[in-house]
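Take a walk through this structure, one region at a time. Keep the sequence and the 3D view open as you read.

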Amino acid sequence: METRDRIIQASLELFTERGYEGATLAAIAKQIGMQKPSLYAHFTNKEALFLATVKTAVLEYNQIVRSELEALGAETAETQLKTLLYRLAEVYYDEYTISQFYYRFLFFPPPALASKMQQMVEYHGSAADQHIESVIRQGKDEGAIDASLASDLITESYLCLLSGIDFDTRYYDFNKEQIRTHVDRIWQIFWRGIKASG
């Protein structure tokens with residue numbers, strides 16, 4: 001792993017554990033066995049390091065969405081969308097730290113960085129949304145999804161569904177089998193709402 005990546009990984013862990021103020025550059029450097037001044041060869045300051053860590057978390061989410069949907073490309077839109085829910089819920093279960101980081105700072109960002117963070121999340125997060133919306137358009141072409149419903153609104157609803165499943169997984173301390181059962185139950189209602197009639 002490259003030094004920059006090791007720094008970001010340590011930052012991810014310490015920002016999640018201690019918050020933005022509590023995670024000092026000295027502590028981050030110590031976590032990976034380097035001196036604090038060495039960090040400045042990779043990041044100009046703590047703000048730059050934090051924003052790079054946010055970007056890494058968002059891009060990882062994008063990569064998961066893209067790779068999962070590419071792997072499922074031969075499947076129906078219904079199968080792709082449902083399987084992606086399973087996969088993302090399980091990833092957030094397995095990758096607990098990155099999930100905690102993302103939600104902690106999405107809802108409670110450092111005040112001075114809130115605007116920059118929001119712009120970054122919206123800009124980089126839109127790529128995943130576009131992949132999902134593409135599958136929804138595929139579902140309309142297949143005649144499986146109601147063509148009278150706006151694709152972007154279905155996408156928003158799907159993302160809300162995903163966020164709710166992720167929250168439930170965390171709040172109720174589900175195991176992986178319970179996650180799949182939970183997704184199955186909720187998916188039935190969601191799909192009934194968007195599928196084409198007849």
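**Salt bridges, cores and a bent helix**

Start with a side-chain pair: Glu68 and Arg87 meet in a salt bridge, 3.0 Å from N to O. This pair links distant parts of the chain, with Glu68 in helix α4 and Arg87 in helix α5 (residues 77-94), 19 residues apart. Glu68 counts as buried because its relative accessibility is 18%, under the 20% cut-off. Arg87 is partly exposed, with a relative accessible area of 30%. The model is predicted.

Glu90 forms a salt bridge with Arg180, and the closest N and O atoms are 3.5 Å apart. Here Glu90 sits in helix α5 and Arg180 in helix α9 (residues 176-194), 90 residues apart. Glu90 is buried at 16% relative accessibility, whereas Arg180 is partly exposed at 37%. The structure holds six salt bridges. One of them joins the side chains of Glu17 and Arg18, at 3.9 Å from N to O. Glu17 is exposed, with a relative accessible area of 58%. Arg18 is partly exposed, at 41%.

Now step back to the whole chain. Its secondary structure comes to nine helices and zero strands. The C-alpha atoms fill a box of roughly 65 × 30 × 30 Å along the principal axes. Of the 198 residues, 43% are buried. Among contacts between residues at least 6 apart in sequence, 72% join residues at least 24 apart. The accessible surface is about 10900 Å², and 50% of it belongs to carbon and sulfur atoms.

The largest nonpolar core has 32 residues. Ile7, Phe15, Phe50, Val54 and Phe101 have the most contacts inside this core. The elements that give it two or more residues are α1 (3-22), α2 (25-31), α4, α6 (96-107) and α7. Apart from it lies another core, of 31 residues, including Val135, Ile154, Ile165 and Phe174.

Look at Ile7 in turn. Beyond its neighbours within four places in sequence, Ile7 is in contact with Ile28, Ile32, Met34, Leu39, His42, Phe43 and Leu49.

Thr53 lies in helix α4 (residues 46-71). With a relative accessible area of 1%, Thr53 is buried. Setting aside neighbours within four places in sequence, Thr53 contacts Ile8, Ser11, Leu12, Phe15 and Phe101. Asp166 lies in helix α8 (residues 151-171). Asp166 counts as buried, at 3% relative accessibility. Not counting residues up to four places away in sequence, Asp166 touches Tyr92, Ser99 and Tyr103.

Finally, follow helix α7 (residues 114-142). Helix α7 bends by about 35 degrees at Ser126. Its buried residues include Met117, Met120, Val121, His124, Ala128, Ile132, Val135 and Ile136. An α-helix has 3.6 residues a turn, so residues three or four places apart point the same way. Just after α7, Gly143 takes a positive phi of about 80 degrees.

Ala147 is in the loop between α7 and α8. Ala147 is exposed, with a relative accessible area of 61%. The C-alpha atoms of Ala147 and Ile64 are 27 Å apart, and 83 residues separate the two along the chain.

Conventions. Residues are numbered from 1 along each chain as its sequence is written. This is a predicted model: local features need pLDDT of at least 70, side-chain atom pairs count only at pLDDT 80 or more; totals for chains, interfaces and linings use all residues. Side-chain values use heavy atoms; hydrogens and water are left out. Helices (H or I, at least four residues) and strands (E, at least two) are DSSP runs, numbered from the N terminus. Buried means under 20% relative accessible area, exposed over 50%, partly exposed in between (1.4 Å probe, protein chains only). Contact means heavy atoms within 4.5 Å. The bend at a residue is the angle between axes fitted to the seven residues ending there and the seven starting there. A nonpolar core is a set of buried Ala, Val, Leu, Ile, Met, Phe, Trp, Tyr and Cys residues joined through side-chain atoms within 4.5 Å. Accessible areas come from the Shrake-Rupley method with a 1.4 Å probe; for residues, only the protein chains shown count as cover. A salt bridge is a side-chain nitrogen of Lys or Arg within 4 Å of a carboxyl oxygen of Asp or Glu.
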